Every structure is written in C-alpha cells, then in structure tokens.
Amino acid sequence: MTGELLTNTRPEQDKGSLLFVVGISAVASLGGLLFGYDTSVISGAIGSLRTRFVLDGTMTGWAASCALAGCMIGVALAGPASDRLGRRKVLLGAAVFFLVSALGTALPRNITEFVIFRMLGGVGVGAASMVSPLYIAEVSPPQFRGRMVSLNQLAIVSGILLAYFVNYFIAGAGDEAWNVALGWRWMFGAEALPAVLLLVLLFFVPESPRWLVKEGRREQAGAILRRAAGSALAHSEMQRIEAALGQGKAKIAELLRPGMRTVLAIGIVLAVLQQVSGINVIMYYAPEIFKQVGSAADVAMLQTVAVGSVNMIFTFVAIWAVDRLGRRPLMILGATGMALAQAGIGISAFTGASPWLLVAFVLGFIACFASSMGPVVWVVLSEIFPTRIRGRAMGLATISLWGANLVVSQTFPMLNENPWLVKVFNHSFPFWVYGALCVVTVAFVMRLIPETRGKPLEEIEKLWHVEPQRDEYPAG
Ligand code: BGC
C-alpha cells in the first residue's frame, strides 16, 4: 500500500477530514521527535564515551557537536531535494539516515566510526527539521495550519524529554563499568525504534498537494486537498495554488529578486533570533548552570527534567493559541517574557541568589519560549515563502538557524568562563546578551512580521511580490 491509496475520496466527504490531516501531520512530526531525541541523547552518553574511547577535551567536544555539522549538510541537501524530488521522499531519506545512524552509533569499534555515524544522524536531523514543518504546512487547511505545524514542535520537545528519560533509565540499569561498556550503546540504539516507525508510516502518507501541482500532477493533488479540506475549500485552494504557480518555474536567481530578497532576509533573521535568545544554552547546559549556582548533581538532573517537562507543557499553550490569537501576539508577548526572564537569570547569577530563584527564572524563560518562539518561528518559516521556492528558501533559513545554534552553544562556555567577564559580571554576562537580543526580537516582530493566521499560503505569498511597504502589513 502506498500514499496514493490514502488520497481516494468518498463523495460524502465534502467537509474534509481533520483526522486525515492530524494523522499525516503526526507521521511527519515523527521527524520532529527524532530531531529532539537525536540532539539530546548525547548529553547522557558523552561521559561514558569519553571514558570508553579515552577522549581528550577537544575530541569530547567534537564527539558532542559533530552532529551539528551533519545537520547543516542535511539542510543544504534537503532544500533543493524537497523542491525537486518531493517532500515525502526527503522525509523517507531522513528516516533512513536516522536508522543507519542509530545502529552505527550503537555499534562503533572506535571514535572515528562513532563520529561518522553521528554525523549521518545529523544529516537526518537537518533534513527533518525543515521538511517536517514544511510538509505539514502544505497539507493543512489554513484555519488549522498553525496548530498542525506546532504539533511538530510538540514532537521535538517530546523527543527531548524521551531522551532524558531513556538516558536516565539506561544509566540506572547497571554500574559504571556496564555504562562505559554498554549503556551508551543502548541510548543511541534505542533511536532505531522511532526511525523504523517513521520509515514504515511514511509509506502510508501522500505527497504534498502543493508540490504535486508544481509537478503538474493535478488530479492527485486535488484528491488530497479534497480529503483534507473538503470539496469547496479544495477547489478554491487548487485555483490559488495554480495561480501562484502559474507565474513560471522558479529559478535560483528568483530568491534574490526584490520582494523575495525581503522575505528571505526576514525568514533568516527570524530563524537566527530564535537561537540567539539562548534557548539551547539552557537545553544543552542546564545541569552545569544549576551546579554553578550551588545545586547538587542529582538535584541538577531533576531540575533538568523539570526544564524538559515545562518545555512540553507550555507547547500546548502555543497549540491552543496560535490559530486563535495569531502568530504576532504570541511572539511579541513570549519574547518580552523571555527578555524579562533572561534579565532575572542575569540578576540571580550576578548576585549569587538562591539556586531556586535561578531555576524559577530558567523555567519562566522556557515557559515563554515554548509557548511562543519555539513553535511559532517554525510555523512562520513554513508559511511565509512562496510555494515555487519554499523548499530552497526554508532551507536557507533553517541552515541559518543551525549555524546560529552552533555559534551560541560554542561561545557560551567561552563567555561564561572568561576570567575578566567573570570578575566583572560573575557568570551573568551571556544572559544579559541573550536578554538584549530578545528585546531586538520584540522590535523585529512588531515591525516586520506580517500576521499569517488563517490565510491561505498563496495569499501570504502575495505580500512579497513587490517590495513590501510597511503599511501593506496587516496590523495583526
Ligand atoms: C528549536 C531548537 C530547540 C527546541 C527546544 C526548537 O524550536 O529550534 O533549537 O532545541 O526548540 O524546545
């Protein structure tokens, strides 16, 4: 059975099926779950890897971060491939990379083999991080699109939490010698399960209707649109897609034309702003930050689980609000809260206040991020680019997001441990910087991000055909 079977419509299905949209979006969001699991599993395994392969500081850093290099390669390949081969094939490819990497990182004989397979997993993460939200946006009717794409963020944070728990249980299943010899292998190997699930389930989902229309496969696209949105809406969606695509095949140079240049720059800056808020400093270094202000090691682990849980719970707030209140209010409110929370973290670190005060501000920051910039940035990136160039444009924005992630997570220890900065700021300096950048985000969203709630994708792309004037943007 293939995706095509799912596209058959029964005549009585005039209203479209939310279940169908949720089902295929849930399959695509397994890509998000693997993204979350893969990026977090390393935190519980790195200590044992270091002992097992006798790694020095540099090699330990490389073993921990080499996946990010793979991510950038994955996004670079997935952008053009998703325009050329289709969204579904790229997701299938990502699933294969995840599976090969899970087995390869579970069974390496030396660190070189480990790094190679870990980078292959990174390729899968990079590809899935852009294609899952893009696919979901393209199959969802406008009125649910925000919620559906936010499902992907829910899957990312579930993957992160799953990795924390899997690591915790595996680490507790044996003594240190067992963990160094075998425990970490199970942590990586466990990823094979969701990878196989994604691989198998992808055979049951259809290709994106927008990509099919772009390829001239109108009939097939129409059946999927009818199944998702019902006959009436499918008809008008089809007309809009064809009108938007009718302006000719996209060329790479088109990305640099005035209107496109603007939307591309806006997408890239928004992607970078999500990362320079410092989110992954907290995701990757939380236990270290908590220990620095006096938490015991086991308490720090528990506090980290609290971070993962708050991250997940508050994603539901975004899912509830994104199609009701809109993207702009969520991002403006959320980034304001993030700026205040970073200031609170800065003050707690500077004054050496109780660790619990710092934990409270960290949790406040995560709650604000999870209900706004976390999901909504991916929603906006999946919808602001024109269909003809969506894959490539989203690829460029996503590469920038991963590049910014790399820079922020690599420079945090340097800023946090610089003797001069420590003397003057007492470990608070990086948080002031992230807080200030959250203020920049608020101003950027207020001035430059249009409200896209409830609009068909082809309406959104009309905003960019001419060099947009400020007053063309809806107030939101
Ligand atoms: C970000 C990731 C981050 C995650 C945390 C995502 O939206 O892109 O970099 O690790 O949220 O929940």
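In this predicted model, an oxygen atom of the ligand is 3.1 Å from an N or O atom in the side chain of Trp378, a polar contact (a pair of N or O atoms within 3.5 Å; within protein, one must be able to donate a hydrogen and the other to accept it, and residues adjacent in sequence count only if both atoms are side-chain atoms). Taken alone, the ligand exposes 310 Å², of which the protein buries 97%; accessible areas come from the Shrake-Rupley method with a 1.4 Å probe, and for residues only the protein chains shown count as cover.

As this is a predicted model, local features need pLDDT of at least 70 and side-chain atom pairs count only at pLDDT 80 or more, while totals for chains, interfaces and linings use all residues. Residues are numbered from 1 along each chain as its sequence is written, and side-chain values use heavy atoms, with hydrogens and water left out.

**Ligand site**

- The ligand is surrounded by Gln153, Val157, Ile160, Gln274, Gln275, Asn280, Asn311, Phe369, Gly374 and Trp378, where a residue is near a molecule if one of its heavy atoms lies within 4 Å of it.
- A polar side-chain atom of Gln153 lies 2.8 Å from an oxygen atom of the ligand.
- For Gln274, an N or O atom of the side chain is 3.0 Å from an oxygen atom of the ligand.
- The shell around the ligand divides into 4 nonpolar residues, 6 polar and no charged; Ala, Val, Leu, Ile, Met, Phe, Trp, Tyr, Cys and Pro count as nonpolar, Asp, Glu, Lys and Arg as charged, and the others, Gly among them, as polar.
- The ligand takes up the space of the largest cavity, a cavity being a set of points, on a 1 Å grid over the protein atoms alone, where a 1.4 Å probe fits but cannot get out. A molecule sits in a cavity if more than half of its atoms lie within 2 Å of its grid points.
- Two or more residues of the shell come from each of helix 5 (145-172), helix 11 (258-276) and helix 16 (373-383); helices are DSSP runs (H or I, at least four residues), numbered from the N terminus.
- Helix 5 gives the largest share of the shell, 3 residues.

**Buried helix residues**

- Ser382 lies in helix 16 and counts as buried because its relative accessibility is 0%; buried means under 20% relative accessible area, exposed over 50%, and partly exposed in between (1.4 Å probe, protein chains only).
- The side chain of Ser382 reaches the backbone oxygen of Val379 at 2.7 Å.
- Ala271, in helix 11, is buried, with a relative accessible area of 0%. Its C-alpha is 19 Å from that of Ile319, at a separation of 48 residues in sequence.
- Pro209 belongs to helix 8 (residues 209-214) and is buried at 0% relative accessibility. Pro209 and Tyr135 are 74 residues apart in sequence, with 9.4 Å between their C-alpha atoms.
- Ala393 is part of helix 17 (residues 390-417) and is likewise buried at 0% relative accessibility.

**Loop residues with positive phi**

- Most residues other than glycine have a negative phi.
- Val54 has a positive phi, near 45°, and is found in the loop between helix 1 (18-52) and helix 2 (57-84). Val54 counts as exposed because its relative accessibility is 71%.
- His427 has a positive phi, near 60°, and is found in the loop between helix 18 (419-425) and helix 19 (429-448). His427 is partly exposed, with a relative accessible area of 22%.

Notes: 1 Å grid on protein atoms, 1.4 Å probe; cavity = no way out; pocket = protein on both sides within 12 Å on 5 of 7 lines; lining within 4 Å.
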